Amino acid sequence: MIILPSSRKSSAQFFKKISMIVLIGLISLISFAGPIPAAGDTNAAVAYLKNQTLNAWTAMALSAAGETVDVSSLKNLTVGSATDFAAAILALTANNKDPRSYPVIDYVAKLKSNYSSNQIGEASLLNDDIFGILALVSAGVPSSDTVVADAKAFILAHQNSDGGWSFASTGTSDTNSTAAAIMALLEVGVSKTDAQIVKAVAYLKSAQNADGGFPYD
């Protein structure tokens with residue numbers, strides 16, 4: 001059984017659990033300052049994940065840590081949300097599998113079938129557009145593709161006045177969604193000097209705690 005976050009509540013919980021991993025690295029990449037040194041016990045983290053039931057999100061993390069991952073359990077997702085298919089695609093591409101032919105069904109086509117009203121998945125959510133873009137790009141779908149381009153426009157149109165984004169299309173900004181939105185937008189050609197990206201980075205920097213960590217919101 002593939003366990004992936006699909007609801008608003010579970011999406012928020014997912015963001016709280018793992019998205020903080022990317023925040024410092026993200027700011028380092030798009031800031032004009034030099035890289036921020038960081039340290040952590042990644043071996044312990046990898047050991048912990050390897051003792052959990054494998055799902056798309058843990059498969060991505062283990063692959064990023066250089067582990068060999070058996071993703072055969074991710075081949076049989078026939079029903080799920082747009083975010084479910086996006087996560088499966090990202091896990092497969094992270095492990096050098098073609099999400100069009102490795103699964104039982106074409107996950108790229110299935111994700112794109114969730115496109116409606118110029119956005120991916122539920123119109124009340126942004127996280128399915130954010131991860132939808134990351135997944136489609138990872139599978140080689142060009143940024144000029146209608147689904148990708150419209151999801152990009154949808155994300156840009158729903159930036160909050162403080163510079164951040166929420167996991168919902170009408171919600172309070174949080175650091176996790178904002179970090180992921182920045183990554184998705186950079187992947188489809190938005191410049192790191194674009195005004196909306198600069199404002200988003202400023203939001204993240206303003207949210208950083210004195211100890212170097214980040215709160216969720």
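Author: Read from the N terminus, the elements of the protein follow the order α-α-α-α-α-β-β-α-α-α-α. That comes to 9 helices and 2 strands. The model is a predicted one. Of its 217 residues, 45% count as buried. Among contacts between residues at least 6 apart in sequence, 64% join residues at least 24 apart.

The part to look at is helix 3, which covers residues 56–64. Of its 9 residues, 7 are buried, so the helix is largely enclosed by the rest of the structure. A residue is called buried here when its relative accessible area is under 20%. The buried residues of helix 3 are Ala56, Trp57, Thr58, Ala59, Met60, Leu62 and Ser63.

Next, the two ends. The N-terminal end of helix 3 is capped by Asn55, which has a side-chain oxygen 3.0 Å from the backbone nitrogen of Trp57. After the helix comes Gly66, with a positive phi near 90 degrees.

A pair of aromatic rings is described by the distance of the centres and the angle of the planes. The count of aromatic pairs in this model is 2. In one of them, the ring centres of Trp57 and Phe131 are 5.3 Å apart and the planes stand at 80 degrees, so the pair is edge-to-face; the angle needed for that label is over 60 degrees. Because Trp57 belongs to helix 3 and Phe131 to helix 6, the pair ties together parts that are 74 residues apart in sequence. Trp57 and Phe131 are both buried.

The other pair is formed by Phe85 and Tyr107, and it is edge-to-face as well, with 5.6 Å from centre to centre and 65 degrees between the planes. Phe85 is in helix 4 (residues 82–94) and Tyr107 in helix 5, so this pair links distant parts of the chain, 22 residues apart. Phe85 and Tyr107 are buried too.

The buried residues of helix 7 pack against helix 5 (107–112), strand 1 (115–116), strand 2 (119–120), helix 6 (127–138) and helix 8 (175–187). Those buried residues are Val147, Val148, Ala151, Phe154 and Ile155. Seen down the axis of helix 7, they fall within an arc of 125 degrees, so they line one face of the helix.

At 1.5 Å a residue, its 12 residues (146–157) should span 16 Å, and the end C-alpha atoms are 16 Å apart, which agrees. At the start of helix 7, Asp145 has a side-chain oxygen within 3.0 Å of the backbone nitrogen of Val147.

Between helix 7 and helix 8 there is a loop, and Phe167 is found in it. Phe167 has a relative accessible area of 16%, and the limit for buried is under 20%, so Phe167 counts as buried. The C-alpha atoms of Phe167 and Asp128 are separated by 8.4 Å, although the two residues are 39 apart along the chain.

Conventions
Residues are numbered from 1 along each chain as its sequence is written. This is a predicted model: local features need pLDDT of at least 70, side-chain atom pairs count only at pLDDT 80 or more; totals for chains, interfaces and linings use all residues. Side-chain values use heavy atoms; hydrogens and water are left out. Helices (H or I, at least four residues) and strands (E, at least two) are DSSP runs, numbered from the N terminus. The expected span of a helix is 1.5 Å times one less than its number of residues. Buried means under 20% relative accessible area, exposed over 50%, partly exposed in between (1.4 Å probe, protein chains only). The arc is that of the directions from the helix axis to the C-beta atoms. Contact means heavy atoms within 4.5 Å. A polar contact is a pair of N or O atoms within 3.5 Å; within protein, one must be able to donate a hydrogen and the other to accept it, and residues adjacent in sequence count only if both atoms are side-chain atoms. Rings of Phe, Tyr and Trp (its six-membered ring) pair if their centres lie within 6.5 Å; planes under 30 degrees apart count as stacked, over 60 as edge-to-face and the rest as tilted.
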